[in-house]
Amino acid sequence: MDIRQLKYFVAVANARNFTRASELLHIAQPPLSRQIQLLEEELGVKLILRNTRPLRLTEAGRVFYEQALQIINRLDQLKTTTRQLGLNEKQTLSIGFVASTLYGGLPMLVRQLRHRYPDVDIHLVELTSLQQFAALKSGRIDVGFGRIRGNDSTVARTILREERLVLALPPDSALAGESSRIPLSAIEGQKLIVYPKEPRPSFADHVLSLLNDYAVRPSEVHEVREIQTALGLVAAESGLCLIPASARLRSDLVYRLIDDPRITSPIIMSHRLNDNAWYIPAIKETVAAMYAENPPWLDVEHSVFPGATASKAMPAAGRRRPTS
């Protein structure tokens, strides 16, 4: 087994067709089929079901695909890092993020990382939580910050904190007369605005799942593309909207905290499984230092930390210098 065979298999698995895969690889189809056959013979298992259209992977094939993809990505990273060091270039760190994390700690985290590691070139890429999983596996990003719990076995996830949700209301709403906490059941029979409309699953599905778990049924659900649109429609008295506490962007709305500490949205750090690169402990240590400062955006009243406290939630991992 060699890296060429792994790349051939991944190409076929992605294309679900030997002809298309051979075109992408710029090789003839018979040698490609033969290499996959030799790979299966060496492993002693079938990886691809050839009698289906499009081609399908066996269960063993799916596991092999995930592992092969990780090996190829790690090899590409090794080549890139080695070339950068050899050419005395800056090391790069690509961070994926969902837009709502910009209202919380992400800007401070990036500033502190740039201060601690001035020789690292940090790139930010806006991606949904689901898109981040694919970007991690392809090597497009190194770390992601999202809000949706995934079940991808090749991605490791750490919940940094659970951010409590607030209900955004127009000032003239009957529910806006008080500033106290409000039960989730208050949404029963109300028009609800959720975001983003696509791609799914997303924060919209998280909100709808919470309502379903508590048997709360809005009279109507309106899906929009982004939070700014959702809050604009709330201001126009077109409905109500559940948002993370840090996303209270408009001063012309009333925000009431949901009176249940379980009604939250997680801030999740994701990275490739078994990734031992320097930036994983570096980011976790920087997050722990930020939490210890108790900055205004943290708003402890509206956050729930694993282990009850910020210091327990993200123990310092020991500062390291970036290396290859």
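This is a predicted model: local features need pLDDT of at least 70, side-chain atom pairs count only at pLDDT 80 or more; totals for chains, interfaces and linings use all residues.
Glu 198 forms a salt bridge with Arg 225, and the closest N and O atoms are 2.8 Å apart. Where do Glu 198 and Arg 225 lie? Glu 198 is in the loop between β7 and α7, and Arg 225 is in the loop between β8, residues 220-223, and α8, so the pair ties together parts that are 27 residues apart in sequence. Arg 225 itself counts as exposed, at 55% relative accessibility; the cut-off for exposed is over 50%.

The structure holds 12 salt bridges, and I will show some others. The side chains of Arg 147 and Glu 163 meet in one of them, at 2.8 Å from N to O. This pair links distant parts of the chain: Arg 147 sits in the loop between β5 and β6, Glu 163 sits in strand β6, and they are 16 residues apart. Are these two residues buried or exposed? Both Arg 147 and Glu 163 are buried.

Next is Arg 272, which forms a salt bridge with Asp 275, with 3.8 Å between the closest N and O atoms. Arg 272 is buried, at a relative accessible area of 4%. Asp 275 is buried as well, at 6%. Together with Asp 142, Arg 272 and Asp 275 are linked in a network of salt bridges.

Now to strand β11, residues 264-272. How many of the residues of β11 are buried? The count is 9 of the 9, so the strand is largely enclosed by the rest of the structure. Strand β5, residues 143-146, runs antiparallel to β11 and is joined to it by 4 bridges. In that pairing, Phe 145 stands opposite Met 269 of β11. Strand β6, residues 155-169, also pairs with β11 in the antiparallel sense, over 9 bridges. There, Arg 164 has Thr 264 in β11 as its bridge partner.

In soluble globular proteins, nonpolar side chains tend to be buried together. Here the largest nonpolar core has 37 residues, and Leu 242 and Ile 243 touch the most other members. Elements giving two or more residues to this core include β6, β7 (191-194), α7 (203-213) and β9 (241-244). Leaving out residues up to four places away in sequence, Leu 242 touches a list that includes Leu 165, Leu 192, Phe 203 and Ile 258. Apart from this core lies another, of 28 residues, among them Val 110, Ile 122, Val 287 and Trp 297.

Last, helix α2, residues 18-25. Which residues of α2 are buried? They are Phe 18, Ala 21 and Ser 22. These three cover an arc of only 100° around the axis, which puts them on the same side of α2. As background, an α-helix has 3.6 residues a turn, so residues three or four places apart point the same way. The buried residues of α2 pack against α1 (3-15), α3 (29-43) and β1 (48-49). On the other side of α2, Glu 23 and Leu 24 are exposed.

The two ends of the helix have a detail each. At the start of α2, a side-chain oxygen of Asn 17 comes within 2.8 Å of the backbone nitrogen of Thr 19. Just after α2, His 26 takes a positive phi of about 60°.

How values were computed. Residues are numbered from 1 along each chain as its sequence is written. Side-chain values use heavy atoms; hydrogens and water are left out. Buried means under 20% relative accessible area, exposed over 50%, partly exposed in between (1.4 Å probe, protein chains only). Two strands pair if DSSP finds at least two bridges between them. A nonpolar core is a set of buried Ala, Val, Leu, Ile, Met, Phe, Trp, Tyr and Cys residues joined through side-chain atoms within 4.5 Å. Contact means heavy atoms within 4.5 Å. The arc is that of the directions from the helix axis to the C-beta atoms. A polar contact is a pair of N or O atoms within 3.5 Å; within protein, one must be able to donate a hydrogen and the other to accept it, and residues adjacent in sequence count only if both atoms are side-chain atoms. A salt bridge is a side-chain nitrogen of Lys or Arg within 4 Å of a carboxyl oxygen of Asp or Glu.
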